[in-house]
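The entries follow the order in which I looked things up.

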Amino acid sequence: MFARMELERPALFLPPLHRVPIRAGNVVEITGPSSSAKSEILLQAAVNCILPKEWNGVHFGGLERAVAFIDLDCRFDVLRLYDVLKLRIMSAHGSAHGTHGDLIEICPTKSLMVSQADLLDDDLLLSCMKRFFYIRCYSSSEFLSTLKTMHPGYISSSEGLAVKLYILIIDSIGAFHWNDRACQLPTKEDRTWKKLSLEKLTESVVQEINKIREVQPLLVLASKVTLFGAAVPTNGAQRFPLR
Amino acid sequence: MNSSGPTRALSTFQSQGPPWMNGVELLDDALRNKRFLPTGCEGLDTLLGGGLRQGHLTELVGPSASGKTQICLYVASYVAVKHFGSIVFFDTSNSFSPNRVASMINQICEPVHKERQERWIMKIMNSIHCQSVFDIFSLHDALHELESTLMKKTISEDTKICMLIVDSVSSLITPILGSKDSQGHSLMVSTGYLLKKLAHEWNLAILVINHMVSGERGTTKPAMGESWKCIPHVRLQLSRSPGSRICCISLLRHTSMASGRSAEFLIPN
């Protein structure tokens, strides 16, 4: 079955302790129109994954695992991730000390108060940020080659270490939809070259992701923009089979 | 690591493909290379949290005669006067006016010595490179040319290109956007990606202009449709009541701020 949902309270997204039962091995697609907080949900999920369960006696409830973020939209802002991480840490401190730990209003970096900065432990922030891995792809072929190099279920960090993956985030799938629809590789001889049509490309992407999932059970989160009107992309080849 | 199998396989893959960056490296790059370039319009700078950000694609959309080109010219002049770097201006409708730019430069800085003033203005205007592009393919060519110029690395720090302005990208794209033809959409999306790649890899602050078209029930909406909405990092909507010099800018979309905020400022002469 293909699990597709629109989450309204992203702050509570803590796999597997969430209202919706999501476990490793699931493939989740988060779809919605433009500007509907899909990337925000992915960011919150990433933060909850990289945070540790406990640090210096404060309970964060994170998973302390590595997150791989494939940015196909190329709009990721690392400062935003850092802010969300800091806010999450501070709200955990707040609830630990008995203050009202409601949803904290998202404020820009500059308005962070100086007194609250004492609660932010540099070591904690560093260890969390080190678990976040990011790559950008500007075309479907770059995306495919990135997935192929992830095949063993590990990714190589810049220090040359092999990092085991737990969550794979793709923002957003279908980003190259128009390019792939219009573009067709020139065929010199039809025997040796295959036309990479849109369906074939999406099938290859699904194949590569499934290959990774076979080796390593990981949670795949993908966001997708729904375009209204005549330009709705067909979902046929994009259904991820869920085990 | 515990087993040698994955590491052996990994070593064969390590040489292929771009490397993954971890959060610490990303943060370091963002704080060091992606600065905010002030635009000189106070309200706009406050709205953007400092100014136009390097590495971001910022879109400015507004109805005709709302001051979009004026703002572009002013931002170019301001960045040039403050010596943040060079500016490249792609002009699609012959709206670039050197006289206007010269008068704006005069306005921004205090005249020191009248004899040297003209030479000094010329020197500053030399850092603004204007090029006319009249169709989408020449825009692509110009962007590729810009990329090869940037790759040459023979440019010193203060003449390094820090900003690219395209006035306007919508006039090149709307003629080729048919409703059922995917070629036009794919050209639009690939232009967007080309711009974002340039912005990120070469630390450019890119400002593009979009115009308004009529939407449903008599309202106006930004041109280039739904697919374009996901492309810029920041989308700003400009409005100005006729005859007034005060314009209102509101944030339609931002990667790290809630939308809906707006600011007012005096449009520069």
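I took buried to mean under 20% relative accessible area, exposed over 50%, and partly exposed in between (1.4 Å probe, protein chains only). The model is predicted: local features need pLDDT of at least 70, side-chain atom pairs count only at pLDDT 80 or more, and totals for chains, interfaces and linings use all residues. Residues are numbered from 1 along each chain as its sequence is written.

Entry on positive phi. I found B:Arg217, not a glycine, with a positive phi of about 55°. B:Arg217 counts as exposed because its relative accessibility is 81%. B:Arg217 lies in the loop between strand E8 (205–214) and strand E9 (220–222) of chain B; strands (E, at least two residues) and helices (H or I, at least four) are DSSP runs, numbered from the N terminus. I also noted B:Ala65, whose phi is near 60°; at 68% relative accessibility B:Ala65 is exposed.

Entry on cis peptides. I recorded a cis bond from A:Asp171 to A:Ser172, with omega near -10°. A cis bond also joins B:Asp167 and B:Ser168, with omega about -5°. B:Ser168 sits in the loop between strand E7 (161–167) and helix H8 (170–173) of chain B.

Entry on helix packing. I looked up helices H7 (residues 136–151) and H9 (residues 182–202) of chain B, whose axes come within 11 Å and cross at roughly 15°. Axes are lines fitted to C-alpha atoms, for helices over the stretch in contact, and angles run from 0 to 180 degrees between N-to-C directions. H7(B) is therefore roughly parallel to H9(B), a term for angles under 35 degrees.

How values were computed:
Chains lettered and ligands numbered in written order. Heavy atoms only, no water. Parallel < 35°, antiparallel > 145°, perpendicular 65-115°, else oblique.
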